[in-house]
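Biologist: Before I rely on any of the labels in this model, I would like to go through them with you and ask what each one rests on.

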Amino acid sequence: MTHDETLGKLRERFGADAFTTSEFRDNKRVVVPAGRVTETLRLLKEECGFDMLFELTATDYLRYPDAKDRYGVVYGLLDTRAGTRLFVRTFVNDPDPELPSAYPLWKGADWLEREVYDMYGIVFEGHPDLRRILMPEEFTAYPLRKDYPLRGKGERHNFPVLTRAEG
Amino acid sequence: MPLEALAPVADDGADADYRWTLNFGPQHPATHTTLRLLLTLDGETVVKAVPDIGYLHSGFEKLGEHLDYNQYVTIVDRMNYISPVMNEIAWFHAVEKLMGIEITPRCKYLRVIFGELARVSDHLLCTGAAALDLGAFTAFLYGFYQREKIYDIFEFASGQRFHPSYFRVGGLTCDVDDAWVERVRDFVKGFGKAHADMTRLLNRNRIFIDRTRGIGVLSKEEAINRGATGPVARASGVVRDLRKDEPYLAYKDFDFKVICAASGDCFARFLVRMEEMLESIKIIQQALENLPGGPVSVDVEGKAVMPDQMSVYRSIEGLIQHFELVMPNRQWQPPVDEVYGAVESPNGELGFYVVSDGTGQAYRARTRPPSFVHFAMFPYLIEGHQLSDIVAVLGSLNIIAAELDR
């Protein structure tokens, strides 16, 4: 399915003004509202042939020029037969950044969503096991947020220390 | 890791209390680096495996937001450290895509040669170590000897054996000379024999085959659904190779095959990697024989590339250009946008999602690490197999913890 046909499908289902599209270099992107992410992804997977979720990541737009929303989440979809890619972007905001999980559609979303949760604190509703993945679970901050300093807030000095006798 | 995550198989009630929990890693010879598995075992059968990662997490992506586009290359080098050059290629592929820089033909060819050498060295270590973990020590040594030669080639060109940091935005740090080309030719000439030695030691090795065939089977559907790429996906019959599908650098010019297998087990992944090395050697040969002349970096006038040392010291233009690129308030002015660029790394699709706010540092430098995606499917691959199969599956997925945790 070509990019235009995919956009046609999306328009047919959601109406022309429900999403915006953009293109930069060879990246084709669709921006959808957070409430419509699951529907869009399901349509793209089931009817447009995007069978792989190769990337899921987020960005904190706190200090980005002209940004309206705080967090942007990007789903990178790939059609392995046609070799086409599509990036689905959506935005969420404080205080409770929340999105539905893509795990029911692609199992590959499992760890990718856990990483986004770990780094940005975006909660994925319906994820089977949403725990911190890279940071220790005692950690309370979300380190890739822009208001978190590069050198940390001194957490390393306060990690619980197990002595040999206790261990 | 909280204890609830460890109490996995309580579902079938009291009958399950003969099961026992085994902690595998984080320090274990077969994990190669630091990753940890919590296994629930029924006798020697793995009922459930819970990976626990993050032991090597050092905030690479956070650092990427505080270092400029050239400086960050020293960090990406340390992601997949068994083929560091490939990370550099991927990073600059994304950055140059963002800035809209078209690198010179000579630079493209040299990057291809370096990249394919990195692929060979990665596959040599991966297949060698996979065999080593299963008790076949000799093949590993043959492989590692060839890796030494590749290190020497890198050192000859860049001055660094392991983490060359050889590329820059828009080109290379310096050009290679004829002696370097001769070295690569020598390596290519001798490689076939070493490869044949490894193949003969393993391909018909009864123990090796028994321990890898039919183990960790990944079907084509699951491979796609779980996001597998590279040799792992190709061993499951997904015919996809970014070098063919989305040709970057100069891959359009070369004649090579995409190696695939159908069975999707550890042995298939091993075979795919072994054959890919020969294809890489073919690409290196073609690139060497047709290596274009001309400059290795884009024109300095474009204000993107670091000028070489001589022109910084001896010409005012070079000095100004250098100043412009190293002063934090000047540097590059990429478009305010975001871009994803990916290359076919030895492990699979290695991509960078770069968000730019128009300054010399990336606003967000996200890595799409193939190891991370592949390790996520480890519990699926291992459940139902024996404890001793864990090393076979780990070896065949080629999990590099530095890339996994970043």
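Modeller: Let us begin with Leu249(B), which sits in the loop between α11 (242-245) and α12 (266-289) of chain B; such helices (H or I, at least four residues) and strands (E, at least two) are DSSP runs, numbered from the N terminus. The model is predicted, and therefore local features need pLDDT of at least 70 and side-chain atom pairs count only at pLDDT 80 or more, whereas totals for chains, interfaces and linings use all residues. Residues are numbered from 1 along each chain as its sequence is written, while chains are lettered from A and ligands numbered from 1 in the order in which they are written.

Biologist: What makes Leu249(B) count as buried?

Modeller: A residue is buried if 20 or more other C-beta atoms lie within 10 Å of its own, exposed if 12 or fewer, and partly exposed in between, with the C-beta atoms placed from the backbone. Leu249(B) has 21 C-beta neighbours inside 10 Å, so it counts as buried. Its phi is near 40°, a positive value in a residue other than glycine.

Biologist: Why is Gln331(B) not given the label buried as well?

Modeller: Gln331(B) has 17 C-beta neighbours inside 10 Å and therefore counts as partly exposed. Gln331(B) is placed in the loop between α14 (316-326) and β6 (338-345) of chain B, and its phi is positive too, at about 55°, although it is not a glycine.

Biologist: Which label does Gly214(B) receive, and why?

Modeller: Gly214(B) has 16 other C-beta atoms within 10 Å, and so it is partly exposed. Gly214(B) belongs to the loop between α8 (206-212) and α9 (220-225) of chain B.

Biologist: What is called the largest nonpolar core here, and which residues have the most contacts inside it?

Modeller: The term stands for a set of buried Ala, Val, Leu, Ile, Met, Phe, Trp, Tyr and Cys residues joined through C-beta atoms within 7 Å. The largest such set has 161 residues, and Val354(B) and Val393(B) have the most contacts inside it. Helix α5 (residues 105-133) of chain B supplies the largest share of this core, 16 residues. Two residues are in contact if their C-beta atoms, placed from the backbone, lie within 7 Å; leaving aside neighbours within four places in sequence, the contacts of Val354(B) include Ala94(B), Leu98(B) and Ala362(B).

Biologist: What makes the sheet of chain A open and its pairing mixed?

Modeller: Two strands pair if DSSP finds at least two bridges between them. Five strands follow the order β1-β2-β5-β4-β3 in chain A, and the edge strands β1 (20-24) and β3 (52-60) each pair on one side only.

Biologist: How many residues of chain A touch chain B, and which elements give two or more of them?

Modeller: 30 residues of chain A are in contact with 37 residues of chain B, and the elements of chain A that give two or more are β3, β4 and α3 (109-120). The most come from β3(A), with six residues.

Biologist: What confidence does chain B have?

Modeller: pLDDT is the predictor's confidence in each residue, from 0 to 100; the mean for chain B is 87, and 95% of its residues reach 70 or more. The model scores ipTM 0.90 and pTM 0.91. Where pLDDT is low, the predicted coordinates should not be read in detail.
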